[in-house]
Amino acid sequence: MSKHEKEYELHVFGAAAPTDDNFPETVGWIQVENQAFHYPRMTDEAVARAAVRLRKDNQVLTGAYPVTRRASSLPPEYPVATFASFEKTVNVGGGRLVPTHLISSVTVRPTHRRKGLLRRMMTDSLTRAHEAGMAIAALTATEATIYRRFGFGPATWANNISVATDARFRLHTTPTGTAEWVDARDLIDIAPAVFDRFHASQTGSVSRHAGIWGRISGQADEAKDEDRAIRAALHYDTDGEIDGYVSYRFGGKGTEARSVEVLDLVAADDNAYLGLWYYLASIELCDSVTWRAGRLDDPLSWALVDPRAITVTAAEDWVWLRILDPITALEARPYVADGDIVLRVTDDLGFADGVFRISVTDATARVERDDSATPDVELDAWVLSSLYLGGADPVVLRAAGQLIEHTDGAARRLKALLASDGPVYGITHF
């Protein structure tokens with residue numbers, strides 16, 4: 001045991017509701033996580049709301065606590081580092097929803113960094129997930145330089161976009177169906193079913209945690225009281241069934257007063273997606289719409305008469321994956337081409353380390369570990385994790401020096417094998 005390990009104790013516990021005996025420990029954890037992300041100190045009511053949402057998702061919380069507490073510092077139930085995990089699903093293609101170990105709320109106080117706390121919490125959490133039979137872990141990252149060393153690689157991406165909705169906004173064809181206003185608070189009951197249809201059809205989508213629904217509908221949450229500025233609309237197909245929704249707020253004052261900020265836009269199919277944009281463009285006293293989660297290959301740009309009405313203001317990684325069990329993970333996803341290849345995976349944490357032979361026949365893979373086999377390709381666990389859904393290109397990663405090709409043309413063969421059955425995209429942040 002290192003000196004730093006002796007200085008801290010890790011407590012792993014389920015999120016507690018206000019009526020539970022260990023609620024004070026949950027309170028301390030929530031307040032510290034909240035402060036680490038620079039939000040105002042939470043009221044007792046806000047903490048209780050946050051705890052209930054964490055409990056709904058069965059979140060497992062980890063706190064790091066100093067063995068010796070300094071006088072007059074925060075109370076002993078306030079950890080110096082936080083970490084949360086819970087189980088949801090990822091659509092790995094073909095509507096296959098694979099149980100996934102989600103990681104969130106990773107913080108370390110600036111006064112306790114470089115003590116190995118993140119590595120301890122991450123390694124412990126991934127080990128528990130691996131021992132429980134989870135093949136994949138996932139997270140969304142506030143910084144892009146932290147998680148590769150733990151085997152995570154970016155696997156889905158999104159564009160921050162601004163769309164001109166003045167006279168420039170014209171579509172080649174008008175979407176079918178209609179849109180109607182709805183009280184944003186009603187999305188609490190309506191939105192989950194619509195999202196489930198999106199999730200079932202969209203490769204790269206992650207199922208949602210309980211906190212999202214209150215946030216996009218303006219309900220009071222851990223960060224603020226009720227947001228009465230949020231508005232919402234539903235899209236209906238030609239049979240009158242709800243197949244999409246959007247929640248949004250107006251931009252603000254001054255030069256942003258004529259702008260709309262989309263908080264959430266979910267469509268069960270492409271027609272509903274374009275129909276919601278048609279609605280947004282019809283809002284009066286509005287010249288532009290911004291959204292943080294646009295697709296890289298957005299069909300709206302092809303549907304517009306003037307595709308330059310869309311401006312990409314930023315591009316960002318979205319979901320980072322971590323393969324914990326290569327055999328189970330690779331056999332779980334669908335394939336669009338037959339073939340075979342041998343991968344040598346290096347993994348400092350050991351979960352995915354080894355040589356694996358992938359043989360695909362009739363869109364189904366058989367994966368075997370064979371450490372005596374000669375590899376066609378050698379790559380790190382984080383690279384395999386980025387390639388897994390088909391959103392990253394092995395040929396590009398080879399050019400970047402992150403994939404070693406031992407057999408001529410192996411990177412292109414791997415690209416064909418791991419190609420996705422459609423666009424890789426998701427809109428869940430956690």
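Guide: Let us begin with a definition: helices (H or I, at least four residues) and strands (E, at least two) are DSSP runs, numbered from the N terminus, and two strands pair if DSSP finds at least two bridges between them. This is a predicted model, in which local features need pLDDT of at least 70 and side-chain atom pairs count only at pLDDT 80 or more, while totals for chains, interfaces and linings use all residues. Residues are numbered from 1 along each chain as its sequence is written, and side-chain values use heavy atoms, with hydrogens and water left out.

Visitor: OK, which residue takes a positive phi in the hairpin of strand 16 and strand 17?

Guide: That residue is D362, with a phi near 55°, in a hairpin that has 2 residues between the strands. Strand 16 (residues 354–361) and strand 17 (residues 364–369) run antiparallel and are joined by 6 bridges, and within this pairing I358 has V367 as its bridge partner.

Visitor: What actually holds paired strands together?

Guide: Strands of a sheet pair through backbone hydrogen bonds, either parallel or antiparallel.

Visitor: And in what order do the 7 strands of the open sheet come?

Guide: The order is 1-2-3-4-5-14-6, with mixed pairing. At the edges are strand 1 (8–14) and strand 6 (153–154), each of which pairs on one side only. Strand 5 (residues 136–139) and strand 14 (residues 320–323) run antiparallel with 4 bridges between them, and L139 of this pairing stands opposite W320.

Visitor: What about strand 12, is it enclosed or open?

Guide: Strand 12 (residues 288–294) is largely enclosed by the rest of the structure, because 5 of its 7 residues are buried. Here buried means under 20% relative accessible area, exposed means over 50%, and partly exposed is in between (1.4 Å probe, protein chains only). Strand 7 (residues 157–164) runs antiparallel to strand 12 with 5 bridges, whereas strand 11 (residues 259–267) runs parallel to strand 12 with 4 bridges. S288 of strand 12 is the bridge partner of A164, and S259 also stands opposite S288.

Visitor: Switching topic, how many aromatic pairs are there?

Guide: Rings of Phe, Tyr and Trp (its six-membered ring) pair if their centres lie within 6.5 Å, and planes under 30 degrees apart count as stacked, over 60 as edge-to-face and the rest as tilted. By this rule there are 7 aromatic pairs. The rings of Y248 and F250 have centres 6.3 Å apart and planes at 75°, so this pair is edge-to-face. Y248 and Y279 have ring centres 6.2 Å apart and planes at 55°, so they form a tilted pair. Since Y248 lies in strand 10 (residues 242–250) and Y279 in helix 7 (residues 270–281), that pair ties together parts that are 31 residues apart in sequence.

Visitor: Which residues form an aromatic cluster?

Guide: F195, F198, W213 and Y425 form one.

Visitor: And where does the charged end of R148 sit?

Guide: The charged end of R148 sits over the ring of W382, 4.5 Å from its centre. A charge sits over a ring if NZ of Lys or CZ of Arg is within 6 Å of the ring centre and within 35 degrees of the ring normal. R333 likewise lies over the face of Y335, at 4.6 Å from the ring centre.
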